[in-house]
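Please look over the sequence and structure first.

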Amino acid sequence: MSEKHYSHLTYEERCHISVCLERGMSVRSISLALDRDRSTIYREIKRGQKLKVSRSHYNARFSNALYKKKRSEAAKPRIYHGILKEYVTKKLAEDWSPEQISGRIKIDHEGLSISHETIYQHIWRDKKEGGRLYKHLRRRGRKYKKRGAKHSDHGILGRISIDERPEIVEEKSRVGDWEGDLVIGSHQSGALVTMVDRASKFTKIAFVESKKSDHVRDVIIQMMRPLQDRVLTMTYDNGREFAHHQSISGTLKAESFFAKPYHSWERGLNEHTNGLIRQYLPKGTSFENLSKEKILFIENQLNNRPRKVLGLRTPNEVFFQNFPTHASVALQS
């Protein structure tokens, strides 16, 4: 398997498993196509058997609903007292962030879990009661915004839901269907616009000085215009930085769609690619002095790296040299 940190299967991957099983593909072929360990695929198939009769009864929607239910339950501590409260209070006093506490408690105390949202809520309740826990936060005076708040679709005119996107996009059987996002630099030092082709994994990266929608629009058009004949659809998250999507679509003669709020898995490839970029630009890195040469280096590293999901072809080969796309490679594996 490729060298990457473990991450949970996405809904997109579960749908891929379902299609592959219907086509009679082996677990080994599916694991190669998804670049996942075989044991992960075996466990997923077993968990997703709605009727538990055979693999042919694997149901992606059913399995994903179970996964979300378990994650939701794990994030909500039944009772906030005892060891849980003691641990959170102690780590806050050591200036740990709620995110660090939430992640670490599962390691230090097996069976205990708490979401960082819950910790923030506790902190602000404590402050209202005269407590001082908030003093240990890095941003003391500003209340934490719940995850997903920035993805409000307010101000995005003509927004078309991903539900209306052509089914062929989901198949990854053609080049030209892109996912778009931003990677943010520290201290408002600019951002990177990232566009990733779903079939080939081919990635384009460009610097933008701010998240203002007109700046993002200009950078995307400039970046994608040379590839215009291979731009059919673009799928974004719900950030207002993509408010000028209609202008982008009109210029590139492509269609734009938006994932649902809180549904990051609907753009799972883009999220994964941004994680690969963070290997070179870790969180907390300022983009103020980031050179074009460095950005091009990162782009070339990603596009010239053989991928198991592409049958060990590189994104460049699949995108430009007409090697089989993602779906074709999966069937041939």
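In which loop is D35 found? The model is predicted, and it places D35 between α2 (27–34) and α3 (38–47). D35 is not a glycine, yet its phi is positive, at about 60 degrees. Most residues other than glycine have a negative phi. D35 counts as buried because its relative accessibility is 9%, under the 20% cut-off.

H187 also has a positive phi, near 55 degrees, and is not a glycine either. Its loop runs between β1 (177–184) and β2 (191–197). H187 is exposed, with a relative accessible area of 77%.

**Aromatic pairs**

The structure holds nine aromatic pairs. A ring pair is described by the distance of the centres and the angle of the planes. Two of the pairs are tabulated here.

| Pair | Centre distance | Plane angle | Type |
|---|---|---|---|
| Y236 and F242 | 4.5 Å | 20 degrees | stacked |
| F319 and F320 | 4.8 Å | 85 degrees | edge-to-face |

Why is the pair of Y236 and F242 stacked? Its planes meet at 20 degrees, so the pair falls under the 30 degrees cut-off. Y236 and F242 are both buried.

F319 and F320 are edge-to-face because their planes stand at 85 degrees, over the limit of 60. F319 is buried, with a relative accessible area of 0%. F320 is partly exposed, at 43%. Ring pairs also link F319 and F320 with W178 and F202 in a cluster.

**Charges over rings**

R14 lies over the face of Y67, 4.6 Å from the ring centre. K91 lies over the face of W96, at 4.5 Å from the ring centre.

How values were computed: Residues are numbered from 1 along each chain as its sequence is written. This is a predicted model: local features need pLDDT of at least 70, side-chain atom pairs count only at pLDDT 80 or more; totals for chains, interfaces and linings use all residues. Side-chain values use heavy atoms; hydrogens and water are left out. Rings of Phe, Tyr and Trp (its six-membered ring) pair if their centres lie within 6.5 Å; planes under 30 degrees apart count as stacked, over 60 as edge-to-face and the rest as tilted. Buried means under 20% relative accessible area, exposed over 50%, partly exposed in between (1.4 Å probe, protein chains only). A charge sits over a ring if NZ of Lys or CZ of Arg is within 6 Å of the ring centre and within 35 degrees of the ring normal. Helices (H or I, at least four residues) and strands (E, at least two) are DSSP runs, numbered from the N terminus.
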